[in-house]
Amino acid sequence: MAPIVRVQNFMLSRDGFGSGEGQSLERPFGHADPAVLAGWMLATAHWPGRPEPGGTYGLDDYFTRDFANHVGAEIMGRNKFGPQRGPWEDHDWRGWWGDEPPFHTPVFVLTHHERPSFALGDTTFHFLEATPEDALARAMEAADGKDVRIGGGVATVREFLEADLIDTLHVVVVPTELGRGERLWHGPEDLLGRFHHEQVPSPSGVVHHLFWRR
Ligand SMILES: NC(=O)c1ccc[n+]([C@@H]2O[C@H](COP(=O)([O-])OP(=O)(O)OC[C@H]3O[C@@H](n4cnc5c(N)ncnc54)[C@H](OP(=O)(O)O)[C@@H]3O)[C@@H](O)[C@H]2O)c1
């Protein structure tokens, strides 16, 4: 199968926000509670951070499992990688994810501020100032025949949508309201001109939205 460009397991509040306001070291999602946004995933059997066996094997688990399936590289924005802004003061910060980041592929971090690549576990982070088209060309080459995931945050997903580079999008609408923060959409209807759309409610209370190119 030809490789595609995917947004996967991207979580939104019911009012359209993918992150809250006021990101900091202590609050990677700003005023949004990550346990609320990601609760559907944390409850599944295939959540990689699960401390002990257990968890659900239903619909939410299928999506959790699919996060890494056939993905050969990720592109993320600098604010997903960390809370710093402006030039890097040092290179001590190596992302939120500890010594074994959950990507296991090359990751291209879009930033206007230069920084050398480094490897952590089997993930390699590269820092890139590039147009979406050029970043995608780099990531596709690194993905070596597999898909490229656009990992967020919100501004990065919006940027790739605006450049019309996304083939499929999986958005998880969580039954919570954030009121402010980084907004992806006013509703799924924003994307219907360009994408087919299915929405599938999960018994956990979230709604999975699947979009693919018309
Ligand atoms: N809801 C979810 O599923 C989900 C998923 C992932 C992340 N998040 C959350 O989303 C938030 C981050 O999202 P965000 O919208 O604030 O920002 P973001 O998309 O992570 O990063 C945006 C930043 O990336 C850099 N950038 C983007 N495009 C670029 C380009 N073409 N060339 C060079 N640099 C470029 C710029 O930073 P500089 O100019 O500073 O370099 C820009 O300010 C975090 O709170 C994170 O936890 C949520």
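**Legends to close-up views**

**View 1. Strands β8 and β11.** Strand β8 and strand β11 (residues 207–213) run antiparallel and are joined by six bridges. Strands pair if DSSP finds at least two bridges between them; helices (H or I, at least four residues) and strands (E, at least two) are DSSP runs, numbered from the N terminus. The model is predicted: local features need pLDDT of at least 70, side-chain atom pairs count only at pLDDT 80 or more, and totals for chains, interfaces and linings use all residues. Residues are numbered from 1 along each chain as its sequence is written. Across this pair, valine 172 has histidine 208 of β11 as its bridge partner, and histidine 170 has leucine 210 of β11.

**View 2. The hairpin of β10 and β11.** Strand β10 (residues 195–201) is antiparallel to β11, with seven bridges between the two. Proline 201 stands opposite valine 207 of β11. Five residues separate the two strands of this hairpin, and glycine 205 in the turn has a positive phi of about 110 degrees.

**View 3. Valine 206 in its loop.** Valine 206 is located in the loop between β10 and β11. This residue counts as buried because 24 C-beta neighbours lie inside 10 Å; the cut-offs are 20 or more other C-beta atoms within 10 Å for buried, 12 or fewer for exposed, and in between for partly exposed, with C-beta atoms placed from the backbone. Neighbours within four places in sequence left aside, valine 206 is in contact with Trp40, Val172, Val173 and Val174, where contact requires C-beta atoms, placed from the backbone, within 7 Å. Proline 175 is 31 residues away along the chain from valine 206, and their C-alpha atoms are separated by 6.3 Å.

**View 4. Strand β1 and its partners.** On β7, β1 pairs in the parallel sense over two bridges, and arginine 6 has arginine 149 of β7 as its bridge partner. Six bridges join β1 to β8 (residues 168–174), also in a parallel arrangement; here leucine 12 is partnered by valine 173 of β8.

View 5. The open sheet has nine strands, in the order β5-β6-β4-β3-β7-β1-β8-β11-β10, with mixed pairing. The edges are held by β5 (118–120) and β10; each has a single partner strand, so one side of each is left without a neighbour in the sheet. On average, neighbouring strands of this sheet are turned by 20 degrees against each other, direction ignored. Helix α5 (residues 132–143) packs on the sheet and touches β1, β3 (71–77), β4 (106–110), β6 (123–128) and β7; the helix direction makes about 150 degrees with that of β3. Axes are lines fitted to C-alpha atoms, for helices over the stretch in contact, and angles run from 0 to 180 degrees between N-to-C directions.

**View 6. The shell around the ligand.** The ligand is surrounded by 27 residues, of which the closest are Gly77, Asn79, Gly152, Gly153 and Ala155. Two or more shell residues come from each of β1 (5–13), β2 (17–19), α4 (78–81), β7 (147–152) and α6 (154–162). A shell residue has its C-beta atom, placed from the backbone, within 6 Å of the molecule. The largest share of the shell, four residues, belongs to α6.

**View 7. The annotated span.** The unreviewed UniProt entry places "domain: Bacterial bifunctional deaminase-reductase C-terminal" at residues 64–189; such annotations may be inferred rather than shown by experiment. In the model, this span is 22% helix and 29% strand, and its end C-alpha atoms lie 25 Å apart.

Note on methods: Two residues are in contact if their C-beta atoms, placed from the backbone, lie within 7 Å.
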